[in-house]
Amino acid sequence: MRYTRALAATAAALTLVLAGCSSSEPSSSGKGFNDADVDFASDMIQHHAQALEMVDLTLGRDLDPEVVELTEQIRAAQTPEIETMADWLQEWDEPVPETSRDHANAHAEDHGASAEMDTDMPGMMSADEMEALENASGEAFQTLWLKMMIDHHEGAVEMAEAEVEDGEHAKATRLAEKIISAQEDEISTMQDLLKG
C-alpha cells in the first residue's frame, strides 16, 4: 500500500515536471521558428521595401509638413525592421528575398533569391499603380500617396496579425505586434490628413 502511494506521488511529480518542461520549449518545429515565421519575414521584407520605395517617391516634392514627417517616420521604422528580418532568415538558413530597392540585401545573391516582388501580398501595389504614383504631381500626388499608403499599411497589419496568431518565434511575433500598433496609428494619421 505504501509502495502504491509512493508510486502515485512519483508519477504525479513526474507529470508536473514534464508539463513544466514542455511549456518552455518551442511548440512545434523544435527549431524555435516555424513556416509562419519564415513567411512573415520573407513577405514583410518585400512589403516594407515597397513602402520605402513609395517614401522615396516623395523626395523633392512639395508636400504638407505633416506628410513629410510621416514619410520620415516610416523610413526610420521600416529600414531597420528589414535588416532585422533579413538577419533572422539568415540565422534560419532561409533565402533572403531581393527587393526592388535591394535594401539590406547585399547578401541576397548568395541565397539565389529572386528579384521579383510578390504583388499578391495584402496591400502590395502593382507596377502600374507605382508608375501612376510616380507620374502624379502636386496635390494629386499627395492624395494618391496617402490613399495608397493606407492600403499598403492595412495589408501589413493583416500580415502581422497572421504572424501573431500562427508564428512561433518570440521576437518575430513581438515585431508583428509592434508593426500592428505603429501602422494602425499611421493609418489613423493618414485618414485625418485626407480629410484635411
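The legends below describe several close-up views of a predicted model.

View 1. Of the 196 residues in the chain, 39% count as buried, and residues 24 or more positions apart supply 72% of the contacts in the chain with a separation of 6 or more. The mean pLDDT of the chain is 83, with 76% of its residues at 70 or more. Over residues 1–28, however, the pLDDT is below 50, and this stretch has 5 contacts in the model beyond near neighbours in sequence. Residues 103–115 likewise have pLDDT under 50, although the model gives them 27 contacts beyond four places in sequence. Where pLDDT is low, the predicted coordinates should not be read in detail.

**View 2. Helix α3 against helix α5.** Helix α3, formed by residues 65–91, and helix α5, formed by residues 138–166, have axes that come within 12 Å and cross at roughly 35°, and α3 passes α5 in a left-handed crossing. On the α3 side the contact is made by V67, L70, T71, I74 and Q78, while on the α5 side it is made by Q142, W145, L146, M149 and H153. Sorted by class, the residues of this contact of α3 with α5 comprise 6 nonpolar, 4 polar and no charged.

**View 3. Helix α2 against helix α5.** The axes of helix α2, which spans residues 35–56, and of α5 come within 10 Å and cross at roughly 165°, which makes α2 roughly antiparallel to α5. The crossing in which α2 passes α5 is left-handed. Among the residues that make the contact are A36, F40, M44, H47 and M54 of α2, together with W145, M149, H152, A156 and M159 of α5. By class, the contact of α2 with α5 has 12 nonpolar, 4 polar and 4 charged residues.

**View 4. Helix α5 against helix α6.** Helix α6 is made of residues 170–195, and its axis and that of α5 come within 8 Å and cross at roughly 155°; α5 and α6 are therefore roughly antiparallel to each other. Here α5 passes α6 in a left-handed crossing, and the residues of the contact of α5 with α6 divide into 16 nonpolar, 5 polar and 7 charged.

**View 5. The surroundings of H153.** Because its relative accessibility is 0%, H153 counts as buried. Leaving aside residues up to four places away in sequence, H153 touches I74, Q78, Q183, E186, I187 and M190; I74 and Q78 belong to the α3 side of the contact between α3 and α5, in which H153 takes part from the α5 side.

**View 6. The surroundings of M130.** The residue shown here, M130, lies in helix α4, which covers residues 127–135. With a relative accessible area of 9%, M130 is buried. When residues up to four places away in sequence are not counted, M130 touches Q50, E53, M54, L57, M125 and M148. The view also takes in W145, which stands 15 residues from M130 along the chain, with 9.7 Å separating the C-alpha atoms of the two residues.

Note on methods. Residues are numbered from 1 along each chain as its sequence is written. This is a predicted model: local features need pLDDT of at least 70, side-chain atom pairs count only at pLDDT 80 or more; totals for chains, interfaces and linings use all residues. Side-chain values use heavy atoms; hydrogens and water are left out. Axes are lines fitted to C-alpha atoms, for helices over the stretch in contact, and angles run from 0 to 180 degrees between N-to-C directions. Helices (H or I, at least four residues) and strands (E, at least two) are DSSP runs, numbered from the N terminus. A crossing is left-handed if the near helix is turned anticlockwise from the far one by less than a right angle, and right-handed if clockwise. Contact means heavy atoms within 4.5 Å. Ala, Val, Leu, Ile, Met, Phe, Trp, Tyr, Cys and Pro count as nonpolar, Asp, Glu, Lys and Arg as charged, and the others, Gly among them, as polar. Angles under 35 degrees count as roughly parallel, over 145 as roughly antiparallel, 65 to 115 as roughly perpendicular and the rest as oblique. pLDDT is the predictor's confidence in each residue, from 0 to 100. Buried means under 20% relative accessible area, exposed over 50%, partly exposed in between (1.4 Å probe, protein chains only).
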